[in-house]
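Visitor: I am new to this structure and would be grateful for a guided reading of its side-chain contacts. Might we proceed by question and answer?

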Amino acid sequence: MFRFNLTLIVLILIVFDIQSQVVGQDKEGFSSIIQPSSTFNLDLTDKVASLNYYQESLVRGFRDSVYDSEEKCNAMSNDIEEYRRKLFDSWKKQDYIFRKISLVYGGELKGSSSDGAALLIKNEQVLTSSAVSAMIGLRWYRRVYKYCKLSDYAIATFTDKKNDRIVLEKKVLNSIEKLVQQLSDRNIITVSDKEFLLYFKDTKGDKNKIKVIKDRINFVKNKKFDALYNNKDLFVKRIKVLDFIAVKISEIQSCTSELNSLVKLNQTHQFDLIINQIYEALEKDISEFNKYIEDENIKPLQLQINYKKSGWEEIADTINKERNAASFSIYKIDKEQTQFSSDSLIKAFEEYKKFLEDNIDKEKAYDKAISESYTIQRNLFYLKGGFLASSFKYDLANDSTSIDDRFIDKNFQGYRIEAGFTRQFKKYNFLGLNMAMSRTSNVEQLGSTTYKFEKTDTTVEPNITTGSEIKALSGIYETYLKYSLSFDYAYLIPFHDRNASEAQIKDSKLLLSVNPYLRHYFYDRSMTLKPNTSAGLGLYSFNKENGSIAGGLFIQADDIFNVNREEAVNFTKQISVGVIFKVAIKSFNPAAK
């Protein structure tokens, strides 16, 4: 009794600190399928609680030198057919090697009570049992290639040197940059507009670039670049205004020079009137200068002029440069007949957008080809051993009139040794085989009876009757050696499309575990039990996220051939149903590469 309670206390204390998980279990909380992860399982029907702990460590990867990698095959191939042949040879070599090998270790704690968890705080259990075991195993990985997908994989992953992304992208970008530079050369766009049109080059990610490209296309559509670029009158008018500005700058410089000279000579204020007149003329010239700067032909140049900080000579140089640029644009229009079309720039942007969209499609095809080209086969061979114990009150059925002589407390200690194999294949398929030998008892087959004891006090009128109840197990009790062969299969059904991308598969957390299983038992040194077979089916929700809460149910038929029954019953009456509650403390990803 103390041992069982201690086991459950330890189980509760460490349930949030260790790592393990299985994808199913039978009525006894057992499964031959072992995966490195961590789960606390509670069978609410048969009152069995179990905590499994299996950890993978010392993972060793093997070198790739025994075969040619995909990158090497790609680099050595001149065309896709040659690449396909080299891939085939590489895949064949990998069929015979292990990709990784590792050590798996852990254990299991299990406890049960015939009257449920409420009896943890009482001392009246009819039957309590507990088990503890440790496991060590060797796990090895192997890639299983799908040769039917070889051609699709080669098409999706082959890099054509003539059509390399970098080369093609540079070609499309050059056409955009050339057209934008034409607008910049004629001052149709400002420096900030040029940076805006070419900003997408520094944008990360093809999807983000497509979004930016769409904005640039709308920007070009809303501007009248064609009319501005090919309009000779625009540049003629601009030169005319720039000439007016140059004249005003000259007048301002002249007034400024004359004003400075008079200020130096005006010691006795004899030139005050002249100075005031020059100030008025200077203010008029500056006002007209500002007016010309805001002219519709000059404003698109966005001239950065601050005559309070910059000297007028520097401003005159800026105006002269802009006049030369306008004159050069007229020269191009007259001599070179250079034309510009906004449709050409829009088309260049559209071509780049399509290039990015095609590249996204290629990446999706690449991800799909990778995910469908092979699956990881994970194999685990393990040895497991442990101890089990049970405590119960037993009815000796000796017709004794004394409770102490009739009922005794029995304790049993046994052991269990296992050898098993687990294989994960085709991503969502799991197969488990297990052989076990244990020294155990038939306590689970004993019947439970409630006995009532009454005592009457005849010295009181009317008589007073007092009573008490005792629950005890009865029947032929024996210990023996039990051998078992266990087979488990589990298939995880993902809640996403079969053709989903790697990103969609990664985001999908919930799966349904379908777990059929078969158990065959035979005995040594047993007077009451004969070899028998049990079968069942479990349906459980499975979550790849750590800390998730899930559950499910199982349907199990015991002794399906009625070997150990006095009277045969049909299959439907052999069935029992159990409800399982699970906490995945640390889960695992079955689709991980």
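Visitor: About how much accessible area does the nonpolar patch on the surface have together?
Guide: In this predicted model, the nonpolar patch lies on the surface and includes Leu44, Leu537, Phe571 and Phe581. Strands E12 (532–543), E13 (548–557) and E14 (575–586) each give two or more residues to the patch.

Visitor: Which element gives the largest share of the nonpolar patch?
Guide: The largest share, however, is four residues, and the element that supplies them is E14.

Visitor: Are the rings of tyrosine 53 and tyrosine 105 stacked or edge-to-face?
Guide: The structure holds 18 aromatic pairs. In the pair of tyrosine 53 and tyrosine 105, the ring centres are 6.2 Å apart and the planes stand at 65°. Planes over 60 degrees apart count as edge-to-face. Therefore the pair of tyrosine 53 and tyrosine 105 is edge-to-face.

Visitor: How are the rings of tryptophan 91 and tyrosine 145 arranged?
Guide: Tryptophan 91 belongs to helix H3 (residues 80–94) and tyrosine 145 to strand E4 (residues 127–145), 54 residues apart. Both tryptophan 91 and tyrosine 145 are buried. Because their planes are at 20°, with centres 4.4 Å apart, the pair is stacked.

Visitor: Which lysine lies over the face of tyrosine 147?
Guide: Tyr147 belongs to a cluster in which ring pairs link Phe88, Trp91, Tyr145, Tyr147, Tyr153 and Tyr374. At 5.0 Å from the ring centre of tyrosine 147, the residue over its face is lysine 92.

Visitor: How many residues apart in sequence are the parts tied together by arginine 139 and glutamate 56?
Guide: Side chains of opposite charge can pair when their charged atoms come close. The closest N and O atoms of arginine 139 and glutamate 56 are 3.2 Å apart, and the two form a salt bridge. Arginine 139 counts as buried at 5% relative accessibility, as does glutamate 56 at 18%. Because arginine 139 lies in strand E4 and glutamate 56 in strand E2, the separation in sequence is 83 residues.

Visitor: Which residue forms a salt bridge with lysine 384?
Guide: Lysine 384 lies in strand E5 (residues 374–395), and its partner lies in strand E3, so the pair ties together parts 276 residues apart in sequence. With the closest N and O atoms 3.2 Å apart, the partner is glutamate 108.

Visitor: Is arginine 565 buried or partly exposed?
Guide: Arginine 565 forms a salt bridge with aspartate 559, their closest N and O atoms being 3.9 Å apart. Aspartate 559 counts as buried, at 8% relative accessibility. The relative accessible area of arginine 565 is 28%, so this residue is partly exposed.

Methods. Residues numbered from 1 in each chain as written. Predicted model: local features only at pLDDT ≥ 70, side-chain atom pairs only at ≥ 80, totals over all residues. Heavy atoms only, no water. Phe/Tyr/Trp six-rings, centres within 6.5 Å; stacked < 30°, edge-to-face > 60°. Buried < 20%, exposed > 50% of the residue type's maximum accessible area, 1.4 Å probe, protein only. Lys NZ or Arg CZ within 6 Å of the ring centre and 35° of its normal. Patch = residues over 30% accessible without salt bridge, like charges linked within 9 Å, V, L, I, M, F, W, Y side chains within 5 Å. Areas by Shrake-Rupley, 256 points an atom, 1.4 Å probe, with all protein chains shown as cover. Salt bridge = Lys/Arg side-chain N within 4 Å of Asp/Glu carboxyl O.
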